[in-house]
Amino acid sequence: MFPLQRPRRLRENRLLREMVRETRLSPSQLVYPLFVIPGNHQKEPIPSMPGQFRYSVDELLREIKEAMEVGVKAFLLFGIPEQKDERGSGAYDPKGTVQRALRAIKDAFGEEAFLITDVCLCQYTSHGHCGLVRGGRILNDETLPLLAETALSHVRAGADMVAPSDMMDGRVRAIREALDREGFSHIPIMAYSAKYASAFYGPFREAASSAPKFGDRSSYQMDPPNLREAIKEVLLDLEEGADIVMVKPALAYLDVIRAVRERVNVPVAAYSVSGEYAMIKASAQMGFLEEERVVMEVHLAIKRAGADLIITYFAKDLARALER
Ligand code: PBG
């Protein structure tokens with residue numbers, strides 16, 4: 001007879017409980033997404049994302065400084081341009097919103113901040129799609145040079161890593177080749193590899209005014225019921241030169257995070273998207289949920305599923321809670 005096993009023995013003492021914890025979160029694993037707008041002294045609240053704002057560059061610097069003080073060092077930048085056009089030219093304008101923000105952040109914080117940029121056309125195109133459009137169809141191959149140009153303009157302005165989110169086929173290779181050719185072979189690519197056509201992006205599209213004007217994104221983003229296809233997308237991106245692969249959204253796709261984790265030996269990122277944020281914020285505001293505990297539980301679940309890093313609008317709150 002074995003002595004009676006008592007898992008409870010490891011739970012009663014708080015210090016021991018912490019000692020044997022299997023999953024841990026650290027501010028160094030968090031990426032804080034931020035929206036940049038043109039102008040000065042602008043800090044516009046995003047109605048569907050209480051606590052999140054669109055910042056002009058000066059206000060952005062203030063927010064980044066605050067986040068850095070609680071230990072968040074990585075940021076994912078989204079730009080909202082002055083004007084949109086058919087070809088999304090604001091995306092690759094060397095003087096565009098994101099490009100200007102990158103220079104200002106690098107001037108202010110240098111190597112202390114790690115800057116990632118979202119590479120996509122949808123915030124910049126008049127039709128709101130992530131690629132060029134002709135006759136109601138998305139043009140995959142014609143879009144690739146523009147994405148590569150966008151990534152290059154970000155890196156020239158100071159981006160430490162680029163994150164293509166458009167879901168065009170072949171974009172990782174196009175970006176890798178352009179970076180290598182122009183002397184940026186040291187810059188890594190974090191690919192939005194398994195990006196689903198999800199209703200959880202609703203608040204983001206309001207924030208970035210990037211909702212498609214016709215149709216939806218299901219011809220290029222993934223079909224939510226599919227898992228094997230996620231693995232295929234991930235393996236293709238790795239073949240093309242991705243350094244980090246991403247699953248997005250996170251909470252409704254924990255099985256995908258786990259499956260990807262088990263198949264690859266590169267870091268896996270998970271994006272806890274705008275709708276996940278809105279869902280928790282709204283129920284907390286109604287008094288239905290305890291915000292801080294729920295936020296911790298959800299992000300731990302994403303880590304437990306296998307994510308190495310988490311892109312989350314809760315980054316600052318989480319880092320603060322982890323410090324205590
Ligand atoms: C751009 C992009 C989107 C998100 C990140 N990059 C929107 C979309 O694909 O519609 C969503 C992020 C979020 O919901 O927080 N393609």
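Student: What makes the radius of gyration of this chain agree with that of a compact globule?
Tutor: The radius is taken over C-alpha atoms, and the globule rule is 2.2 Å times the number of residues to the power 0.38. For 324 residues a compact globule would be near 20 Å, and the chain has 20 Å, so the two agree. This is a predicted model, in which local features need pLDDT of at least 70, side-chain atom pairs count only at pLDDT 80 or more, and totals for chains, interfaces and linings use all residues. Residues are numbered from 1 along each chain as its sequence is written, and side-chain values use heavy atoms, without hydrogens and water.

Student: Why is α2 called oblique to α3?
Tutor: The axes of α2 (residues 57–69) and α3 (residues 97–109) come within 10 Å and cross at roughly 45°. Angles under 35 degrees count as roughly parallel, over 145 as roughly antiparallel, 65 to 115 as roughly perpendicular and the rest as oblique. Therefore α2 is oblique to α3.

Student: Which residues meet there?
Tutor: From α2, V57, L60, L61, I64, K65 and M68 meet A101, A104, I105, A108 and F109 of α3; contact means heavy atoms within 4.5 Å. The residues of this contact divide into 10 nonpolar, no polar and one charged.

Student: How much of the chain is buried?
Tutor: Buried residues (under 20% relative accessible area, 1.4 Å probe, protein chains only) make up 55% of the 324 residues.

How values were computed: Axes are lines fitted to C-alpha atoms, for helices over the stretch in contact, and angles run from 0 to 180 degrees between N-to-C directions. Helices (H or I, at least four residues) and strands (E, at least two) are DSSP runs, numbered from the N terminus. Ala, Val, Leu, Ile, Met, Phe, Trp, Tyr, Cys and Pro count as nonpolar, Asp, Glu, Lys and Arg as charged, and the others, Gly among them, as polar. Buried means under 20% relative accessible area, exposed over 50%, partly exposed in between (1.4 Å probe, protein chains only).
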